[in-house]
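Welcome, and thanks for taking a look at this one with me. Below are some numbered points to read alongside the model.

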Amino acid sequence: MSQGLGSLDFWRLGMLGLYVGAVLLMMFRMRLPAARESFLAMLQGAAQLAIMGSVLLFVFEVDHLALSVALLLVMVLVAARTAARRIDRRAATFRFALGCIGLATGAILVPMALARVFELRPSFLIPVSGMVIGNAMNATALALERLRSDLKLQRDRVEAWLSLGVDPDTAMGSSAQSTLHAALIPSLNSLKTTGVVHIPGMMTGMLLGGQSPMKAAEMQLTILALIFIAALFSALLVTRLARRLFFTDLEALDLPD
């Protein structure tokens, strides 16, 4: 642990802190709505990275698959909580987000692990899984927020269809389609611009670590494909199962505030 602390570049961290502090101060002076949330998110992110660094150091040293799986389960729970809180704090919303993120993550990681597409060592499994879980979380949060907003705007039309005996899936069909497209925009943009506009983090890390550019590109392409599929699966699950969250058992529209 002391060796890890000794390798930190405190000058770089200090300069970064000053720059981030100046940006946050500017946001507060401009009275931007996201100023307070950005400040708290920055503190939370820094604390979580420090804690996760210590946890990963322990997990890597133990090198046991069961411990890695337990850590991934915790990551899925936190991701579900984060995605659900974008909508409301109901237990039903958390369970819904947990199901979407968990199913999408499992549908990707389990077959890939069984097919030996990537190694099961913690130093490989956890970072790759973290990117899959993170993108599943983002897609779930985007899809939930977009679908709820669209259903609010289209409430009269949806309720009119329901009054005519149309089932909820058909009544919210156009909203679900636009939601699916919107939730995939970040992943599609990443796929379209990778290697041209930006070089992703994993590829950069491998290049800095001395790997050949082609090997780094191969690994990065694998990761990009997995995170796009994670976003797609998550958004599909949200739009296909949304009636469980936004409609009552009597098929009446029930949107959270």
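1. **Overall make-up.** The protein chain has 12 helices and 0 strands, and read along the sequence its pattern is α-α-α-α-α-α-α-α-α-α-α-α. Helices (H or I, at least four residues) and strands (E, at least two) are DSSP runs, numbered from the N terminus.

2. **Where this comes from.** Please keep in mind that this is a predicted model, in which local features need pLDDT of at least 70, side-chain atom pairs count only at pLDDT 80 or more, and totals for chains, interfaces and linings use all residues. Residues are numbered from 1 along each chain as its sequence is written, and side-chain values use heavy atoms, with hydrogens and water left out.

3. Of the 257 residues in the protein chain, 33% are buried; buried means under 20% relative accessible area, exposed over 50%, and partly exposed in between (1.4 Å probe, protein chains only). The accessible surface of the protein chain is about 15,500 Å², and carbon and sulfur atoms account for 66% of that. Those areas come from the Shrake-Rupley method with a 1.4 Å probe; for residues, only the protein chains shown count as cover. Among contacts (heavy atoms within 4.5 Å) between residues at least 6 apart in sequence, 69% join residues at least 24 apart.

4. **Helix α4 against α5.** Two packed helices are described by the angle between their axes and the distance between the axes. Helix α4 (residues 65–85) packs on helix α5 (residues 91–114) at an angle of about 130 degrees, and their axes are 8 Å apart. That angle makes α4 oblique to α5. For reference, axes are lines fitted to C-alpha atoms, for helices over the stretch in contact, and angles run from 0 to 180 degrees between N-to-C directions. Angles under 35 degrees count as roughly parallel, over 145 as roughly antiparallel, 65 to 115 as roughly perpendicular and the rest as oblique.

5. **The α4 and α5 contact in detail.** The crossing of α4 past α5 is right-handed; a crossing is right-handed if the near helix is turned clockwise from the far one by less than a right angle, and left-handed if anticlockwise. On the α4 side the contact uses V76, L77, A79, A80, R81, A83 and A84, which meet T93, F94, A97, L98, I101 and G102 in α5. By class, the residues of this contact of α4 with α5 are 10 nonpolar, 2 polar and 1 charged. Here Ala, Val, Leu, Ile, Met, Phe, Trp, Tyr, Cys and Pro count as nonpolar, Asp, Glu, Lys and Arg as charged, and the others, Gly among them, as polar.

6. **A closer look at L77.** L77 sits in helix α4 and is partly exposed, with a relative accessible area of 41%. Leaving out residues up to four places away in sequence, L77 touches F94 and L98.

7. **Helix α4 against α6.** The axes of α4 and α6 come within 9 Å and cross at roughly 20 degrees, so α4 is roughly parallel to α6. This crossing of α4 past α6 is right-handed. Among the residues making the contact are L65, L72 and V76 of α4, and P122, I133 and L144 of α6. The contact of α4 with α6 has 14 nonpolar, 5 polar and no charged residues.

8. **Helix α5 against α11.** α5 also packs with helix α11 (residues 213–241), at an angle of about 145 degrees and with axes 9 Å apart. α5 passes α11 in a right-handed crossing. Residues in this contact include F96, C100 and M112 of α5, and L226, F233 and L241 of α11. The contact of α5 with α11 divides into 14 nonpolar, 1 polar and no charged residues.

9. **Buried or exposed: which is S187?** At 9% relative accessibility, S187 counts as buried. S187 lies in helix α9 (residues 173–193) and touches N135, I227, F228 and A231, not counting residues up to four places away in sequence.

10. **Two backbone spots to check.** Most residues other than glycine have a negative phi. D63, in the loop between α3 (35–62) and α4, has a positive phi of about 55 degrees although it is not a glycine. E251, in the segment after α12 (243–246), has a positive phi of about 65 degrees and is not a glycine either. D63 is partly exposed at 47% relative accessible area, and E251 is partly exposed at 33%.
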